[in-house]
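These are my notebook entries on one protein chain. I set out to record its overall make-up first and then a few local features.

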Amino acid sequence: MNKHGSSTSKKSHNNIVYIVLGVVIVGIVIGTTKLVGHSATTKSKSEKKISVLTYANWNPFEYIKNGKVVGFDLDILKSLSKEAGYQYTIKNTGWDSMFTQLNSGSADAAISGITITKDRQKTYSFSKPYFVSRQAIIVKKTDTVIKNATDLKNKKVAVQLGSTGEEAAESILGKNSSNISKDKGGTTFLQVVHGQADAAIGDETTVKKYVASNPSYKLKVIYDDKNFEPEYFGLMFTKNSKYRSTYNAALKKIIDNGEYTKIYEKWFGSKPSLDVIKSQQ
């Protein structure tokens, strides 16, 4: 009896050991599965992030207010990223630095009233246009000589360095003209105010905003659609970016659902040229 009892005891003991080992193995498997799942989730979340650059010196497109970058472009970026399912970070940097950093791959995209040009498309990828604009000339109200772009010949013209305003000036005055004043510090229009330049060329929306916001400067805006063709702004990505198609789809969505119009009216107080924008999608 004692012998039989001893055998039963050993079997019970072995069974307990097997059960404990089974629980441990199952726990390890479940724990490993959870870790794999967590890793996949973390990876998935990291893939849904995008780093964006801007040059916050183009009111109302992007500028600093109470220590934060705000503006039309920022609201567009926020709406597009929400629609696309991405979390974004925004970094304010210099205009030239924005292109350099994106080219080096230290950021994923840039938004700063950037005109889509054939030359830029050689190095970067662009979204479909989210804004249509044109170049405009700014002069003093007392100026009676400058009436169109051709009148700028032999005149001192201020532009922002690296902008399409610079390209527009070069198309009239020549690429290496000493009469083109290329400004780096955001004082382009002030050169006209202080008599350092006869005229300045810049984006239509920015020019209109500047003139309206500074009535004491007594400036006026001149248009020349014959010499200055319409421009289209786009999000600029690294070449062959994986983000481009997703953001294009998001752009079409916010245009169709009315969100784009709301943002535009908020910043410009008028309705956007939706027919033109839609024709570029």
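The entries below follow the order in which I looked things up.

**Entry 1: the whole chain.** I noted at the outset that this is a predicted model. I looked up the secondary structure and found 10 helices and 14 strands. The chain has 281 residues, of which 42% count as buried. I then turned to contacts with a separation of 6 or more, and 71% of them join residues 24 or more positions apart. The chain exposes about 15,700 Å², and carbon and sulfur atoms supply 52% of that area.

**Entry 2: the largest nonpolar core.** Which residues touch the most other members of the largest nonpolar core? I found Phe72, Tyr130, Phe131, Tyr247 and Tyr260, in a core of 43 residues. Several elements each supply at least two residues of this core, including strand 1 (49-54), helix 3 (95-104), helix 8 (244-256) and helix 9 (259-268). Helix 2 gives the most, with 6 residues. I recall that in soluble globular proteins, nonpolar side chains tend to be buried together.

I next listed the neighbours of Phe72, leaving out residues up to four places away in sequence. Phe72 touches Pro60, Phe61, Tyr130 and Phe131, and also Tyr260, Ile263, Tyr264, Trp267 and Phe268.

**Entry 3: helix 3.** I looked up the buried residues of helix 3, which are Trp95, Met98, Phe99, Gln101 and Leu102. Why do they lie on the same side of helix 3? They do so because they cover an arc of only 165° around the axis. The face turned away from this buried side carries the exposed residues Thr100, Asn103 and Ser104. Just after helix 3, Gly105 takes a positive phi of about 85°.

**Entry 4: backbone details in loops.** I found that the peptide bond from Asn59 to Pro60 is cis, with omega near 10°. Pro60 lies in the loop between strand 1 and strand 2 (63-65), and Pro60 is also one of the residues that Phe72 touches.

I then recorded positive phi values in residues other than glycine. Asn66 has phi near 55° and sits in the loop between strand 2 and strand 3 (68-70). Is Asn66 buried or exposed? Asn66 counts as exposed because its relative accessibility is 76%, and the cut-off for exposed is over 50%. Asn154 has phi near 70° and is placed in the loop between strand 8 (135-140) and strand 9 (157-160). Asn154 has 71% relative accessibility and therefore counts as exposed.

Note on methods
Residues are numbered from 1 along each chain as its sequence is written. This is a predicted model: local features need pLDDT of at least 70, side-chain atom pairs count only at pLDDT 80 or more; totals for chains, interfaces and linings use all residues. Side-chain values use heavy atoms; hydrogens and water are left out. Helices (H or I, at least four residues) and strands (E, at least two) are DSSP runs, numbered from the N terminus. Buried means under 20% relative accessible area, exposed over 50%, partly exposed in between (1.4 Å probe, protein chains only). Contact means heavy atoms within 4.5 Å. Accessible areas come from the Shrake-Rupley method with a 1.4 Å probe; for residues, only the protein chains shown count as cover. A nonpolar core is a set of buried Ala, Val, Leu, Ile, Met, Phe, Trp, Tyr and Cys residues joined through side-chain atoms within 4.5 Å. The arc is that of the directions from the helix axis to the C-beta atoms.
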